[in-house]
Amino acid sequence: MKNEILNLLKREGMISEEINDANINEFADLIEEIGKNETEYIKSSEISQDLNTKYVGKNLYVFSKVGSTNTIAKFLSQNGIGNGSVVIAEKQTAGRGRSGKSWESPLGGIWLSIILTPDVDYSKIPLITLATGVAVAKTLEKMGVENPEIKWPNDIMINGKKVCGILTEAITNFNTIEHVIIGVGIDANLSIEDFPEELQNTTTTLEKEIGRVNENLLIKTFLEELEKISELFNSKRYEDILKEWRKRSYTIGKVVEVKKPFNRSYDAYAVGISKEGALIVEKTDGTLEKVISGECLIKKLN
């Protein structure tokens with residue numbers, strides 16, 4: 001985190017290039033100041049105009065380029081930034097996914113992180129990821145996408161190809177959750193050629209599926225949908241969230257390869273989702289298992 005903050009400050013000319021060791025918390029006000037500056041493509045004024053939320057997105061920080069919006073959001077959350085604040089980047093140079101995978105996020109995508117302070121037990125964190133997936137899917141529906149689906153636990157699919165990923169990180173103090181950082185990356189106004197060759201057959205973009213979209217409108221719509229689903233979460237209406245998730249599930253009913261830590265994996269049939277947000281699978285020996293963490297790959301049957 002320290003290098004990310006210092007590099008951002010140096011790039012914006014806020015501190016000297018010679019500063020390589022410092023208490024970065026002293027620079028929180030400067031990071032906020034940078035995030036409030038006008039940017040070229042993503043416009044906080046357009047997102048904020050008539051934004052129909054009570055708290056999500058009322059405090060926006062937009063950056064031209066950062067390493068990872070989740071890192072910036074984490075830093076700001078540790079320095080008093082409130083519930084519902086949003087960090088957006090036009091570009092990311094070190095976006096992160098599950099298992100620490102890193103990639104560059106080019107201009108034209110939606111790269112943002114939301115800071116939430118839910119009063120929940122750690123066991124509910126998977127449900128936050130599922131709820132965010134529902135919010136993204138509903139947003140895409142409003143933008144004109146037909147039948148977006150949610151692949152457990154954190155991908156949004158269009159016609160069998162990934163268009164969005166979600167990364168949820170909990171900031172804890174002993175056993176208490178202080179903040180939850182939800183990172184969302186939507187492949188909006190990008191071409192398939194913008195992606196590494198190994199991803200081009202499994203990835204799609206909104207531009208390819210429905211044509212170019214208004215990025216500011218897309219963000220605004222998502223923030224409104226996220227607050228709606230967050231209100232269900234805060235009211236402990238978890239089954240309502242799971243109902244919406246199940247309707248859009250890309251995973252249930254398919255044969256999957258469950259990849260566990262330490263390179264262990266097995267094939268199974270995805271039969272449902274538990275009230276905790278775990279994937280329920282039937283293994284080849286007929287036993288049922290709840291998959292709480294790990295990677296789940298859809299198997300193509302011959």
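Helix H4, residues 69–77, is mostly covered, with 9 of its 9 residues buried. The model is predicted. An open sheet of 5 strands also features here. The count of disulfides is 0.

**Helix H4**
- The buried residues of H4 are Thr69, Asn70, Thr71, Ile72, Ala73, Lys74, Phe75, Leu76 and Ser77.
- Ser68 makes a contact at the start of H4. One of its side-chain oxygens comes to within 3.2 Å of the backbone nitrogen of Asn70.

- Strands of a sheet pair through backbone hydrogen bonds, either parallel or antiparallel.
- In this sheet the order is E12-E11-E10-E9-E13, and the pairing is antiparallel.
- E12 (288–291) and E13 (295–298) stand at the edges. Each has a single partner strand, so one side of each has no neighbour in the sheet.
- From one strand to the next, the twist averages 45°.
- Strand E9 (residues 255–260) is joined to E13 by 4 bridges, and the two run antiparallel.
- Val258 stands opposite Cys296, a residue of E13.

**The cysteines**
- A disulfide is a covalent bond between the sulfur atoms of two cysteines.
- Here the cut-off is 2.5 Å between the sulfur atoms.
- For Cys164, the closest cysteine sulfur is in Cys296, 17 Å away, so the two are too far apart for a bond.
- Cys296 is likewise in no disulfide, and its nearest cysteine sulfur is that of Cys164.
- Cys164 counts as buried because its relative accessibility is 1%.
- Cys296 is buried, with a relative accessible area of 3%.

Technical notes
Residues are numbered from 1 along each chain as its sequence is written. This is a predicted model: local features need pLDDT of at least 70, side-chain atom pairs count only at pLDDT 80 or more; totals for chains, interfaces and linings use all residues. Side-chain values use heavy atoms; hydrogens and water are left out. Buried means under 20% relative accessible area, exposed over 50%, partly exposed in between (1.4 Å probe, protein chains only). A polar contact is a pair of N or O atoms within 3.5 Å; within protein, one must be able to donate a hydrogen and the other to accept it, and residues adjacent in sequence count only if both atoms are side-chain atoms. Two strands pair if DSSP finds at least two bridges between them. Axes are lines fitted to C-alpha atoms, for helices over the stretch in contact, and angles run from 0 to 180 degrees between N-to-C directions.
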